[in-house]
Amino acid sequence: MSASVDLADFLPAYLAEAEELLGTGHRQLLAMEASIRRGLANPRAVRELFRAVHTIKGLSAMVDVEPIVDITHWMETCLRHADRAGGRLPEASVEPLMEGLREIEQRVRQLAAGKQAAPVPPGLLSRLEALEAEGSSGGGAPRAAPAALALEEAVAARLSAAEREQLVTGATGGRRAVRLDFIPGADRAAHGVTINSVRERVAALGDTVKVLPLSGPAAGGGALTFVLLLLTEAPDAALLEAAGGPPASVRALTAAPASAPEPLPELAAPDEEPEEARRGGGSLRVEVSRLDEALERLAALVVNRSRLARAVAALTAAGAPTRELQAILQENARQLRDMRAAILRLRMVRVGDVLERLPLLVRGLRRSTGKSVRLELDVGDAELDKAVADRLLPALVHLVRNAVDHALELPEARRAAGKPDEGVVRVASHGRAGGLLDLTVSDDGRGVDAQAVAARAGVPVPASPDALLEVLCRPGFSTRDAANATSGRGMGMDIVHRIIVDQLGGELGLETRPGAGTTFRLRVPLTITLLDALVFECAGLRYAVAVGSVEELIEVDAAQVVRPAGAGGVCLVERRGNTVPLLTLARLLGRAGLGGCEGPAAKALLVRQRGELIAFGVDRLVGQQEIVLRPLEDPLVRVPGVVGATDLGDGQPTLVLDLAALGLARAKGSPRRQGGLAREEGRLI
Amino acid sequence: MSVLHVVFKVDGAEYVLPAADVLQMESFTGATPVPGAAPHVAGLVQVRGRVIPVVDARLRFGLPAVARTLDSRVVVAQLGNRVVGLVVDSAREVLKLDPQQLKPPPPLVVEGAHGFVKAVAQVGPRLVMLIDFPRVIGEETLDGDGQR
């Protein structure tokens, strides 16, 4: 049989697809579970889940993975019944279905590791089969009286059964089903109001079920109308405004609920829906390595451009007529910026998608800890560079795990404290500013007991939240007496700190109130691959820092610098009535007295370090430019204060520094030691 | 089966590394120093668009530093997922060695060389030493760092 040859060819694509479908499957099943708990039907989730399972079955049959085909087959049967029951799934079905997904996942992993998929575990199929019997006995509760749709023929004819159902279900569930007519026109386009912009703005106000172009005379003299069918809670005025005002119009689609519910058209089997063909249309899965490669090429172009700029500057200085060259160079710079933005957008992933594993994690923790927990995700459509997202996820997983495991009390204890039985863990994003994304992970648990933490670490009780966080982030620190399965062994906040602060160059903060809960504040850069940097010279070498991290740039007047006795070389400068410590960067870098100008620094970069302003003295400012950051992963060169390296066009890597981290690292070690600071001390921070 | 090895010199002595582990050889024109890195880390160099750390073999072996010459080379080697360079005095030869030729080093050498020398081979009149690359670049820094 040639099956093995085919398998090897298709396997990577199969694994990627299966992985994604499993993600969808988990998400929909969790949504189902939530609906069941509130006593609601969720036909949409049932269908989505069915589709995911059905597709996995098809793919698995193609690559000949018998066990997965068997499992999916029975899951499908069970879901078909749920669909017939109007999207109601018996509660007892959730667990076996979840188990099914888990078993599929396990087998996908086995295949990924080059092993054979294990046979179906005994008992699972019979459990799934039992569901079928149960489902067919028709446990579905009667549906709520469905709302009737008022649609004109031209529109109604072009709606699929699923879309019609989505509108009806939404309207029955209390949202408004409306029809928004948008008439495009030249004057509107000139103001940037096009169907695309309207789509985008409307998407923020509700769910767009369908967009239909209708030709024919339209209000305002146009010949084309876009009909947007929406489910929304927004008022008409907001919708109208999103479509650029009249001649756009808004109409409600639902009349008052009919006294006798109209029979719904018989639903097509989900796998036969025409919608299937459209799914995923317009998007493409790309390996990250290919995106990296594009970025790599871009980096080379950026470097080349700065060389070109230098060459042109030299020509200009020599008196050559370079006017046209300058213009070309400027155009080139703009193109590169656009290209950079385009590539960056390619690399952005939605934070919500990154977090899709968290509900599953919490579900597992709920079972293993016996605690009642609700996870609230409120991250909107914030996006992050894939590279940042990949690093961030383990930190978030860790914080959520900690919250459930350490912070939340058992139901009895919560009741005794006057709180609801169910604890809440909330992961939220609070917008972005200046290339940074703010996230919080909060719980309403018992709060961090500073005294207990101090006693455990053998230190005085920390006076501030920052100090408390610092103790919590010590390597290996754990508030648990015995390691348990949930918290892992010795894995502590130090991992979170290392990811957020050291690897991503972000910030980590803590707020905690005894008895009321804890909030971790995370601030991470949207991207770590491309950034605006200040380039400067210090002790004969060039360095770069992110523009965003520098608060101000000042000239240092040697006459104004005060040298306090016994401060070990730390000077003071005056800045707008405040005294700011001035550190010589060359000393921090262990390069004092090496190939540069001696004496006081000419310029200083003002940076906030734990809220305090610190001035870092440098020799010369070279300029501001865009750089491509290459993170330094190798343990040999992973040191605090250095976030990565970049290429400024001279063939030598230039270090990109995190001045605040560098200052902190050196403040703890001995700056006089050869080579700066020992690595071990660096890691203690 | 004899195996291809890259030969390089440090302070007059000849060392070898299996050619399979060596990605490329580059001339050495200086490295960007990294503050706070271990003393034997010469810094960072850029090799075909990628930034890699380089270890100074002389400093690692406890030898005095010398001025780099046109002969100085960076031996770029792959270690699992890591790519690390080693700055050596010169490297311009490959050698086929039969595994039979490689003998454990005398105990005295083991002690004196901090385990950097894994084996020695007599090739005609020459004595070449097979180095333990992970150990030379400082494998110990991997332990306790990262995964706990």
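**A guided reading of chains A and B**

In chain B, 49% of the 148 residues are buried, where buried means under 20% relative accessible area, exposed means over 50%, and partly exposed lies in between (1.4 Å probe, protein chains only). The model is predicted: local features need pLDDT of at least 70, side-chain atom pairs count only at pLDDT 80 or more, and totals for chains, interfaces and linings use all residues. Residues are numbered from 1 along each chain as its sequence is written, and side-chain values use heavy atoms, with hydrogens and water left out.

Chain B contains 3 helices and 11 strands; helices (H or I, at least four residues) and strands (E, at least two) are DSSP runs, numbered from the N terminus. Along the sequence these elements follow the order β-β-β-β-β-α-β-β-β-β-α-β-β-α. Of the contacts in chain B between residues at least 6 apart in sequence, 54% join residues at least 24 apart, a contact being heavy atoms within 4.5 Å.

In chain A, helix H13 (residues 323-346) has 24 residues. The buried residues of H13(A) are Leu329(A), Ala333(A), Leu336(A), Arg340(A), Ile343(A) and Leu344(A). An α-helix has 3.6 residues a turn, so residues three or four places apart point the same way. The cover over the buried residues of H13(A) includes helix H12 (288-317) and strand S5 (348-350) of chain A.

Helix H2 (residues 43-62) of chain A holds His54(A). This residue, His54(A), is partly exposed, with a relative accessible area of 25%.

Conventions
Chains lettered and ligands numbered in written order. Expected span 1.5 Å × (residues − 1).
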